[in-house]
Amino acid sequence: MTVIRVALVDDEELIRVGLRVIIDAQPDLEVVGEAADGAEVMPMVARGRPDVVLMDVRMPAIDGIEATRRLLAASGEPPRVLVVTTFENDDHVYDALRAGASGFLLKRARPAEVVQAVRVVARGESLVFPAAIRRLAGAHGRGPATGPAADRLRRARLTEREEEVLRLMAAGLSNAEIAARLVVGAETVKTHVGNVLAKLAARDRTQAVIVAYESGFVSPEG
């Protein structure tokens, strides 16, 4: 069994304790580090080498948005970031996603949702809470086919099948669901998804979905 290594970043000790109890209770999850501020993230990650970082958005010295940006800009293979927030429609959440976070988790989430979110982010094969991410992307997306995101999409020169896969990714479908919808094998979908991410220079599905909305390629109404 592969164990997913998790780090916790939150200025509230009570939140960190609660998350640690939830995560360490799972046989495939392990907390390998904690930090009380974004300023402590880089050395903590260097020590613990987590696969997933649960990152609070609002912290006193360096917030979760800047900490995420710095972490993902570092050389090597940075961990995936799962933003932890109080409000899902907060502009800070979308800013964190644009900075490179793979998804977000509400502080009031049930333990089962916390565990599932960590596993989803670690696998990278689907979005965390896709409906909420679509709402955020739709509300903040640029819409018209102009601007950096549209230029990025045009430069990608996606094939028709890759465009179809991107639309299904933006709808929140997992690899298995896309395979069933297109009546193809799971490995074929995995290849298409990998091509889409590479052509868009997107680190994960969430970043590709943001490009899809901000370019006007997809709309909140579908």
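Two strands count as paired if DSSP finds at least two bridges between them. By that criterion, strand β4 and strand β5 (residues 103–106) pair in the parallel sense over 4 bridges. The structure described here is a predicted model.

- The model contains an open sheet of 5 strands with parallel pairing, in the order β2-β1-β3-β4-β5.
- Strands β2 (29–35) and β5 stand at the edges with a single partner strand each, so one side of each has no neighbour in the sheet.
- On average, and with direction ignored, neighbouring strands of this sheet are turned by 25° against each other.
- In general, the strands of a sheet pair through backbone hydrogen bonds, in either a parallel or an antiparallel manner.

**Strand β4 and its partners**

- Strand β4 (residues 80–85) is mostly covered, with 5 of its 6 residues buried.
- Strand β3 (residues 52–56) pairs with β4 in the parallel sense over 5 bridges.
- Within that pairing, V81 in β4 is the bridge partner of V53.
- Towards β5, L82 stands opposite G103.

**Residue D56**

- An unreviewed UniProt entry places the feature "modified residue: 4-aspartylphosphate" at D56.
- D56 is located in strand β3.
- The relative accessible area of D56 is 4%, and a residue counts as buried under 20%; D56 is therefore buried.
- When neighbours within four places in sequence are left aside, D56 is in contact with V9, D10, D11, G64, V84 and K107.

**Packing of helices α4 and α6**

- Helix α4 (residues 91–99) packs against helix α6 (residues 130–140) at an angle of about 95°, and their axes are 10 Å apart.
- Angles of 65 to 115 degrees count as roughly perpendicular, and α4 and α6 are therefore roughly perpendicular to each other.
- On the α4 side, the contact is made by D91, V93, Y94 and L97; on the α6 side, L136, A137 and H140 take part.
- By class, this contact of α4 with α6 has 5 nonpolar, 1 polar and 1 charged residues.

**The region of residues 151–216**

- UniProt lists residues 151–216 as "domain: HTH luxR-type", in an unreviewed entry.
- In the model, this span is 76% helix and 0% strand.
- The end C-alpha atoms of residues 151–216 lie 11 Å apart.

Terms used: Residues are numbered from 1 along each chain as its sequence is written. This is a predicted model: local features need pLDDT of at least 70, side-chain atom pairs count only at pLDDT 80 or more; totals for chains, interfaces and linings use all residues. Side-chain values use heavy atoms; hydrogens and water are left out. Axes are lines fitted to C-alpha atoms, for helices over the stretch in contact, and angles run from 0 to 180 degrees between N-to-C directions. Helices (H or I, at least four residues) and strands (E, at least two) are DSSP runs, numbered from the N terminus. Angles under 35 degrees count as roughly parallel, over 145 as roughly antiparallel, 65 to 115 as roughly perpendicular and the rest as oblique. Contact means heavy atoms within 4.5 Å. Ala, Val, Leu, Ile, Met, Phe, Trp, Tyr, Cys and Pro count as nonpolar, Asp, Glu, Lys and Arg as charged, and the others, Gly among them, as polar. UniProt positions are given in the numbering used here, feature names are shortened, and annotations may be inferred rather than shown by experiment. Buried means under 20% relative accessible area, exposed over 50%, partly exposed in between (1.4 Å probe, protein chains only).
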